[in-house]
Amino acid sequence: MISRNRSPISGTQTILTCSGCDSGNNDWESITRDIFDTYAAGFDFYFRKRIWFSPYYSLAAGKNNVFSRALGDPSITTGPNRFTLTGTSTPQDYPR
C-alpha cells in the first residue's frame, strides 16, 4: 500500500490552501506480512462398544508485521516538494 502525507506545514493553512501538501516526495509504502501456521493431528479407534480411543490435537499460531518506509528524497528540504516525513510523521514499522 502506498500512502501520501498531506499535512499542512503551519496551523493557519488547510489542505486546500497548502502548496506543498500534495507532493509525491512525501509518499511512503507499507508492506504487510502475515505469517500463519496451522497444525493438526488426530486418532479415531472404535472396537465395538467396549473400546473407544479418540485423542486430537490442534495448534494455530499467527504473527503480523507491517514494514513501512519513505519513498521520497530527504535531501529536498525547501520548496513545494520538500521532504516532510521527519520527526513524528516518519513512517514506523509495526510492531516496533
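The exercises below work through a predicted model, each with a stepwise solution.

Residues are numbered from 1 along each chain as its sequence is written, and side-chain values use heavy atoms, without hydrogens and water. In this predicted model, local features need pLDDT of at least 70 and side-chain atom pairs count only at pLDDT 80 or more, while totals for chains, interfaces and linings use all residues.

**Exercise 1. Confidence**

State the mean pLDDT of the chain, and find which elements have the lowest and the highest mean values.

Step 1. pLDDT is the predictor's confidence in each residue, from 0 to 100. The chain has a mean of 81, and 92% of its residues reach 70 or more.

Step 2. Elements are DSSP runs numbered from the N terminus: helices (H or I) of at least four residues and strands (E) of at least two. The lowest mean pLDDT among them is that of β1 (75), and the highest is that of β5 (89).

Step 3. Where pLDDT is low, predicted coordinates should not be read in detail.

**Exercise 2. Strand pairing**

Determine which strands pair with β2, and in what sense.

Step 1. Two strands pair if DSSP finds at least two bridges between them.

Step 2. β1 and β2 run antiparallel and are joined by 3 bridges. Here I2 stands opposite E29 in β2.

Step 3. β2 also pairs with β5, over 15 bridges and again in the antiparallel sense. In this pairing D34 stands opposite N64 in β5.

**Exercise 3. The salt bridge**

Locate the salt bridge in the structure and describe the setting of its two residues.

Step 1. The criterion is a side-chain nitrogen of Lys or Arg within 4 Å of a carboxyl oxygen of Asp or Glu. A search of the whole structure gives 1 such salt bridge.

Step 2. The partners are E29 and R69, at 2.9 Å from N to O. The pair links distant parts of the chain, with E29 in strand β2 (residues 27–42) and R69 in strand β5 (residues 56–70), 40 residues apart.

Step 3. Accessibility is classed as buried (under 20% relative accessible area), exposed (over 50%) or partly exposed (in between), using a 1.4 Å probe and protein chains only. E29 is buried because its relative accessibility is 18%. R69, at 48%, is partly exposed.

**Exercise 4. The nonpolar patch**

Identify the residues of the nonpolar surface patch and the strands that contribute to it.

Step 1. Patch residues have over 30% relative accessible area and no salt bridge; like charges are joined within 9 Å, and nonpolar side chains (Val, Leu, Ile, Met, Phe, Trp, Tyr) within 5 Å. Areas come from the Shrake-Rupley method with a 1.4 Å probe; for residues, only the protein chains shown count as cover.

Step 2. F43, F45, F47, I51 and F53 make a patch of about 510 Å².

Step 3. At least two patch residues come from each of β3 (45–47) and β4 (51–53). F45 lies in β3 and is partly exposed, at 38%.
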